[in-house]
Amino acid sequence: MATCKLQGTIVSSQLINKKVPKERVSDVVTRDKFKFKVPQLTTTSPLPILPLIEKTKEIIVETESTNSAGKFGRFGGKFVPETLVICMNQLEAEFKNVLRDQVFQAELATALRDYVGRETPLYHAQRLSEYYKNKNGGIGPDIYLKREDLNHTGSHKMNNALAQAMIAKRIGLKSVVTATGSGQHGLATASACAKLGLECTVFMASKDMDRQSSNVRLMKLLGAKVEAVNGSFKDASSDAFRCWIGDLENSYHLTGSAVGPHPCPTMVREFQSVIGKETRKQALEKWDGKPDVVVACVGTGSNALGMFHEFIYDTDVRLVGVEAAGLGLESGRHSSTLAKGEVGVYHGAISYLLQDDDGQIIQPHSIAAGMEYPGVGPELSFLKESGRVEICVATDDEALDAYERLCKLEGIYPSLEATHAFAILDKLIPSLPKDKSKVVVNCSGRGDKDAPIVFNRRVPA
């Protein structure tokens, strides 16, 4: 019998990969419901031309995005051993407490402002905007960058890492365990732990340690213990979870990805939602309106949900997620879970996965270490299936092109994860209405960590 791994347990693939009819979205509504129109989803080609906004379908979506079981429609849940259920329930209770605790919220707001450097700018990329206008007969949108790359440690990851480290200290735990792919979450967690006087252990795949070596050195400088793991980010995540299970009384598992058992995905999304909240406020200040389109790369979903969540019910705002097509969708060497995956259970929750006919995980590939994961968060799985989020893909080469373009036109070097969002602009912009649109791209991280990869692939010595 084929099996599929969960963190800390094994579940029969007959249970987790059995084909079942899709639940009607309206069946999972727990509170108010309303109808709205969204663009048709297009995922059939490596770089699909996005549909015109007037091509729509009608769906029903709940206004309460998750229920008490941590389900987003048919996605999510808490598939963990019984020994962990109590721990996860306690974590959920503490999470709910801090959301209502005005003292905690004030302390977090102060730390985000004074330590992280929020709010981050909404930057008008004038030369990038002109580049696309020149390619499209003088017509094109104004492109704005949400500069999460200017956060302390260079990415959006600090928003969540700091908040969860504060929770760990609040409940009296002394050490933090986590896993990282690109090293950005590991770096953010190591920094937060150093600030709060917590021990920190980071699990990271050996191949990612090699290609993101500067982040590894910085984590160690910050006092973190970095454990090498054979395999990829998914294997590092499994080892971090096992380490936490071995010391539940003293350690805190600080997830940086919007995946895993409830309440982990909801916590990550909540602490990252500051991105979208600031974007709404800044757009109102800059042009007295909202973005027409917001774009974000999609690995596991933390930065995308941080941007999208604020605009889910603004049906006049298109939400575009961009996955890593690697060497191309037909090559099988990609990380396009939402575009090519199927539904199953992995790392404690139901979501879209890259898996074979026997339910075994397929090894993902991307030039961006932070996007090399075979799953995606349950909330993004729900938003994709409901049609609210449009899913597109960009290859390694297209991401490298976008990296160079942003360097040369704006003097900004984004992370290779973020460049996937910029890469889709070539296809997105011709699909926009002729009037003056506003496009916001989440520049989720800074790219100095990726410079050696770019130098090796594109820039001669």
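Seven aromatic pairs turn up in a search of the whole structure. Rings of Phe, Tyr and Trp (its six-membered ring) pair if their centres lie within 6.5 Å; planes under 30 degrees apart count as stacked, over 60 as edge-to-face and the rest as tilted. The model is predicted: local features need pLDDT of at least 70, side-chain atom pairs count only at pLDDT 80 or more, and totals for chains, interfaces and linings use all residues. Residues are numbered from 1 along each chain as its sequence is written, and side-chain values use heavy atoms, with hydrogens and water left out.

**Aromatic rings**

- Tyr131 and Tyr132 form an edge-to-face pair, 4.9 Å centre to centre with 85° between the planes.
- Tyr132 is buried at 2% relative accessible area, whereas Tyr131 is partly exposed at 28%. Buried means under 20% relative accessible area, exposed over 50%, partly exposed in between (1.4 Å probe, protein chains only).
- Phe241 and Trp244 are also edge-to-face, because their ring centres are 5.3 Å apart and their planes stand at 70°.
- Phe241 and Trp244 are three residues apart in helix H9 (residues 233–245), so about one helical turn separates them. Helices (H or I, at least four residues) and strands (E, at least two) are DSSP runs, numbered from the N terminus.
- Phe241 is buried at 1%, and Trp244 is buried at 8%.
- One aromatic cluster is formed by Phe233, Tyr346 and Tyr373.

**Charges over rings**

- Arg147 lies over the face of Tyr123, 5.9 Å from the ring centre.
- Lys195 lies over the face of Tyr115, at 5.4 Å from the ring centre.
- The cut-offs: NZ of Lys or CZ of Arg within 6 Å of the ring centre and within 35 degrees of the ring normal.

**The sheet**

- Six strands make an open sheet with mixed pairing, in the order S7-S8-S18-S13-S14-S17. Two strands pair if DSSP finds at least two bridges between them.
- Strands S7 (122–124) and S17 (389–395) each have a single partner strand, so one side of each is left without a neighbour in the sheet.
- From one strand to the next, the twist averages 30°. Axes are lines fitted to C-alpha atoms, for helices over the stretch in contact, and angles run from 0 to 180 degrees between N-to-C directions.
- Strand S14 (residues 318–326) pairs with S17 in the parallel sense over seven bridges. Gly321 has Ile391 in S17 as its bridge partner.
- Helix H11 (residues 274–287) packs on the sheet and touches S7, S8 (142–147) and S18 (438–443), with its direction at about 140° to that of S8. Contact means heavy atoms within 4.5 Å.
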